[in-house]
Structure formats: structure tokens, C-alpha cells
Amino acid sequence: MSNAIAKKSLKDCIRHFTPAWFAAIMGTGSISILFNNSPYARDSPTIEALTYIFFFLNLALFVVFNALTLARYIMFPDIWSMMIHHPIQSLFVGTYPMGLSTLLNIAVGFLYQRKGFGGRGFLYTMWGLWWFDVFLSIACAFELVHIMKTRHEHSLQRMTANWLLPVVTLIVISSTGGILADSLSQFSPSHALLTLTASLVLVSMGLGLAMMILTMYLLRLILHGVPPSASVLSVFIPLGPMGQGGYSILLLGQGFREVLPLNYGASHVLREAHVGDTFAALSLAVALVLWSLATMWFIYAVLAVVEVLQQTRFPFKQAFWGLIFPNVSCLSCLVLSCRAPPPFSAARAGVLRTRLVYALLFHCALRACAARERGCIWVHGVAA
């Protein structure tokens, strides 16, 4: 490693601080969500402490990353145009609203619901931030995809699973809506119903777009083979929309069961006595289908990684962070669906895979620190 790489200045580090770094926010935040959703979280001070640690660590990283991003575009204003027109780097803009969503999930699901922090004012502040995140997610899903169609040059051979990043934002933010609606229903059932309905629309659009892209991606893998070197890790990304979609659908089904049936309005369907239970039952069936598809992609991803590792080894890169969030999404769906009553085999499988995800997170953190010391972790992206 040359001294030029080993002694990067702060200005160079800021210049090369790409949106892809917010994937680390997604990964760290999803770990705190997994701790909070653990079936053992209610009775374990250790798990509760770990939830606190990962949440505040993630919050600190989010603040630092925002400061570095702001500094980047102030110091180098031309980079924004270069980044947004880059066919790969622009896709990672979607990691920003998804990272913010993980913070909102814990702020509401853990700090407010379990610890009673902040009261009604705090809850409605989080609701306002959720609508802001909805706006960002919609902008990513539609404006970025429009830019892909009109500004970028693509080919099937060069296609990667990163194409999913702009549209998965809709799925991720919908799950936050499901968590918020549970708390909002205590103060205003109409606000909860509005949130649930908006979230259902978002997750439906997100899943529809994701399945279209995944169809093309499977064709790309069949025609041109698995991605080379560390790029093969992107094959795990399809787990995200399927697993997170199932998790979101389960949350929304539980939310509709709480607010339905309505005792006002002219809708005969929404006033039916068992309409809430019907929503919950349908959500469980849909979530099982989506989790099954996620498991299918997990098997394909493992086979692809094994294939590449038999041919070559690759150093740590930012792509490693992309392994965490998709796997946690599948685990969250599995944990939530197994709560009542939890099948023993599924619960044991979930615990085993959870431990593997924790190990992966610490491995990525250690490798990132080592790469940072060498300076090579900053050589990345359109500014490299």
C-alpha cells in the first residue's frame, strides 16, 4: 500500500464520501430493530441495553454522515451532478431514506412504545418525520427511476441488483408506517387509518416495481452469469424487498386489525365485524409467500458466492455492508410471523441466522476500521 493511499487528507476523504455509506446506517439500524423484535427482548436487560447501544451508535453515525455529505456538496458542488448522472452511484441515494427509516422504527417502536419516552408530542414529531421520509422515498422511487430511463446508459449485461435500491425505499418506509399506526391509534384512529392506507399503497407500488426488476435480474444472471469478485455480494440485495415486504405486510395487517371495523362512514366493507381479522389473515398468507421468495433468493445468493470464492478472493469493500440489511429483513419477517404461536423449528432457525447476522455486522465493522487505517476505503465512486 502506497503512502499516497495511506495518508489521505480529510478533504480527500470528504470528496470520496459517497451516498453508498448510508448502507452502513441501514445495516446498523436494522440490527437494533432485530434486537427490539427479538422474542427474548421483553425479559432481557442485556438485549435492551444492546438495542440502546446500536440505536444511539446509528444515530451518531447518521449525524456524522449527514455532516460529511453536506460538506462534500458544499466544498465540491459539481460532484452532485456527476453523482446523480452516474449509473451506479446515483442508485445509492435510496439508502438515505431507508437509513432514516431504521432510526424512526426504533424511536417509535422502542423509545416510545416500550419506554414511554416523549409522550404525544414526540410521537407526532416522529409522524411528521415519517411523512418527510415518505416524500424522500417517493422521490427516489420515481425521480431516480426516471433519471435511469432518460440520463443513464444501461445494458442487461451490466445490470446489478443495485437497481432495486430506489424502489425498495417505498417498502421500507411502509413498515415504519405500520409501527407508527399502532401508536397513533391510541390518540386518533383516523390518523392511524390514514397512515396504514398510505403505507399499503407504498408497499404495493414498491413490491410491484421490485418484482419487475427482479425478473430482469434473474434473466441477467442466467444469460451473463453471476457478478465477478466482490460485486457478487449484490446478489443478496433481492432478499431486502421480499423480506422487508413481508415484514411490512404483517405490520399493516396487525394495524388494520386494531383500527377496523370502523364505527363511522358509509363503507359496508370497512364496517363489517370481522374485516380486521380478515386483513390480518391475508397479511400472514402474503408475508409467507414473500418470505419464501426471499429464501429462494438467499439460496441463489449463497450458491453464487460459493462459485466466485472457488475462483478468487476479494478484499473488504462497502458492498459487504449490503449483506446485513437484506438478511435482517428476512429475519424480522420470520420473527414477527412466528410470534403466535412460534413454531419451534422456525424459531431455532431464526435464532441461528440472527447470530450469523450479528457476526457479519462485527466483521464488517472491524474490516471497515482496518481499511480506514490503510486509507483504501475512501477510494470509491464517481469522485475516485
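These legends describe close-up views of aromatic contacts in a predicted model. Residues are numbered from 1 along each chain as its sequence is written, and side-chain values use heavy atoms, without hydrogens or water. Local features need pLDDT of at least 70 and side-chain atom pairs count only at pLDDT 80 or more, while totals for chains, interfaces and linings use all residues.

**View 1. Tyr73 and Trp80 form an edge-to-face pair.** The whole structure holds 20 aromatic pairs. Rings of Phe, Tyr and Trp (its six-membered ring) pair if their centres lie within 6.5 Å; planes under 30 degrees apart are stacked, over 60 edge-to-face, the rest tilted. Tyr73 is buried, at 19% relative accessibility. Trp80 is partly exposed, at 43%. Buried means under 20% relative accessible area, exposed over 50%, partly exposed in between (1.4 Å probe, protein chains only).

**View 2. Trp297 and Tyr300 pair edge-to-face within helix 11.** Centre to centre, the rings of Trp297 and Tyr300 are 6.0 Å apart, with 75° between the planes. Both residues lie in helix 11 (residues 275-309), three residues apart, about one turn of the helix. Helices are DSSP runs (H or I, at least four residues), numbered from the N terminus. Trp297 is buried, at 4% relative accessibility. Tyr300 is partly exposed, with a relative accessible area of 40%.

**View 3. Ring pairs build a cluster.** Its members are Phe17, Trp21, Phe22, Phe62, Phe65 and Tyr96.

**View 4. Arg15 places its charged end over the ring of Phe76.** The distance to the ring centre is 5.2 Å. The criterion is NZ of Lys or CZ of Arg within 6 Å of the ring centre and within 35 degrees of the ring normal.

Notes. Helix = DSSP H or I, 4+ residues; strand = E, 2+ residues; numbered from the N terminus.
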